[in-house]
Amino acid sequence: MIEIPNLVDLIANQNKIYGFFEKDTENIPKSGTEVSKVVKEEEKAYIIGYAHSYNISDAVEKISDDINEITPVMKYGTHRGNVHTTLAVIGADSNFNVKKEVLNRLKKGLESKINSLSQPEIHYSATYSNKNDVIVIGDYGQAEEDKAKKYYASYKAVQEVANNVAKEYGLLVKPAKMAHITVARYLSDIQTGDKKLDRIKEKLDSTHLDIRSKPQLFIATYTLKNGEFIFDSVEIIEYIH
């Protein structure tokens, strides 16, 4: 069972990781890019996350397509139906087989908690990149703010449900550490000195979304294979409040 961090620690860890991404973004022209480790894997899993409205997914698709014009990437966007913010991944494995009873248990677990939760708001802003991946950072406020507490209430509920179901079926849980959206994953190595790196850096610096999203919870299964991230099934769990 994965220990669930408190809100203060969750925000501190997120900010720490975003700080690493910000530094990596500045160093892209010097460090180059490498094929994302995730791309090299073949994986299927259950996932609980946030689905976003078209203003978010369209913006992500535009960035993803623009970077793909510079260098090949695993793309995300509205037309691929794969823009999301992960909350928890359950049972990730190359030999994964979907079990309807696991999906049903996850659904019932979330539905039992949804009435006590309020829909959170996440602010998406800067676009960052390390050597492997491009993300848009998401922020839900400081620990003392009501909006941060709303986000954390849902985050904690999701982790509790994921942990309980994973324990019952002998599955591993990977909780999310950030409220980001993945925009692209690099499919090729670019060496230091290549002008493509300067173009990527210019694109990152010129892209700032400044969009606030009130997302919906979803449960799904996904397939990660051959440079594509595909949702095999998606079910929305609607907030009442």
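Student: Where does Thr192 sit?

Tutor: This is a predicted model, and in it Thr192 belongs to the loop between E7 and helix H5 (195-205).

Student: What makes Thr192 count as buried or exposed?

Tutor: Its relative accessible area is 54%. Exposed means over 50%, so Thr192 is called exposed.

Student: Which residues does Thr192 touch, leaving out those up to four places away in sequence?

Tutor: Pro29, Lys30, Ser31, Gly32 and Leu197. As for Lys30, its backbone oxygen lies 2.6 Å from a polar atom of the Thr192 side chain. The cut-off for a polar contact is 3.5 Å, and 2.6 Å falls within it.

Student: How far apart are Thr192 and Val165?

Tutor: In sequence they are 27 residues apart, and in space 46 Å, C-alpha to C-alpha.

Student: Now Thr25. What makes it buried or exposed?

Tutor: Thr25 is found in helix H1, and its relative accessible area is 3%. Buried means under 20%, so Thr25 is called buried.

Student: Which residues is Thr25 in contact with, beyond four places in sequence?

Tutor: Tyr128, Ser129, Lys201 and Leu204. Helix H1 (residues 7-31) lies across strand E4 (122-129) and strand E5 (133-139), and runs at about 40° to E4.

Student: E4 and E5 are in a sheet, then. In what order do its strands come?

Tutor: E2-E7-E5-E4-E8, 5 strands in an open sheet with antiparallel pairing.

Student: Why are strand E2 and strand E8 called edge strands?

Tutor: Each of them pairs on one side only. E2 covers 73-75 and E8 covers 208-213. On average, neighbouring strands of this sheet are turned by 25° against each other, direction ignored.

Student: How do you know that E2 and E7 are paired?

Tutor: Pairing takes at least two bridges, and 3 bridges join E2 to strand E7 (residues 181-186). The two run antiparallel. For instance, Val73 has Tyr186 in E7 as its bridge partner.

Student: What holds strands of a sheet together in general?

Tutor: They pair through backbone hydrogen bonds, either parallel or antiparallel.

Student: Which strands pair with E9?

Tutor: Strand E1 (residues 43-51) is joined to E9 by 9 bridges, and 9 bridges also join E9 to strand E10 (residues 228-237). With a threshold of at least two, both pairings qualify. E9 runs antiparallel to E1 and antiparallel to E10. Tyr46 stands opposite Thr221 in E9, while Phe218 has Ile236 in E10 as its bridge partner.

Student: How many residues lie between E9 and E10?

Tutor: There are 2, and the two strands form a hairpin. In the turn, Asn226 has a positive phi of about 55°.

Student: What makes strand E9 "mostly covered"?

Tutor: Of its 10 residues (216-225), 8 are buried.

Student: Zooming out, how many helices and strands does the chain have?

Tutor: The protein chain has 5 helices and 10 strands. Across its 241 residues, 51% count as buried.

Student: How do you know whether its radius of gyration agrees with a compact globule?

Tutor: A compact globule of 241 residues would have a value near 18 Å. The protein chain has 18 Å, so the two agree. Along its principal axes, the C-alpha trace spans about 55 × 45 × 30 Å.

Key. Residues numbered from 1 in each chain as written. Predicted model: local features only at pLDDT ≥ 70, side-chain atom pairs only at ≥ 80, totals over all residues. Heavy atoms only, no water. Helix = DSSP H or I, 4+ residues; strand = E, 2+ residues; numbered from the N terminus. Axes fitted to C-alpha atoms, helices over the stretch in contact; angles between N-to-C directions. Contact = heavy atoms within 4.5 Å. Rg over C-alpha atoms; globule rule 2.2 N^0.38 Å. Buried < 20%, exposed > 50% of the residue type's maximum accessible area, 1.4 Å probe, protein only. Polar contact = N/O pair within 3.5 Å; in protein donor to acceptor, adjacent residues only side chain to side chain.
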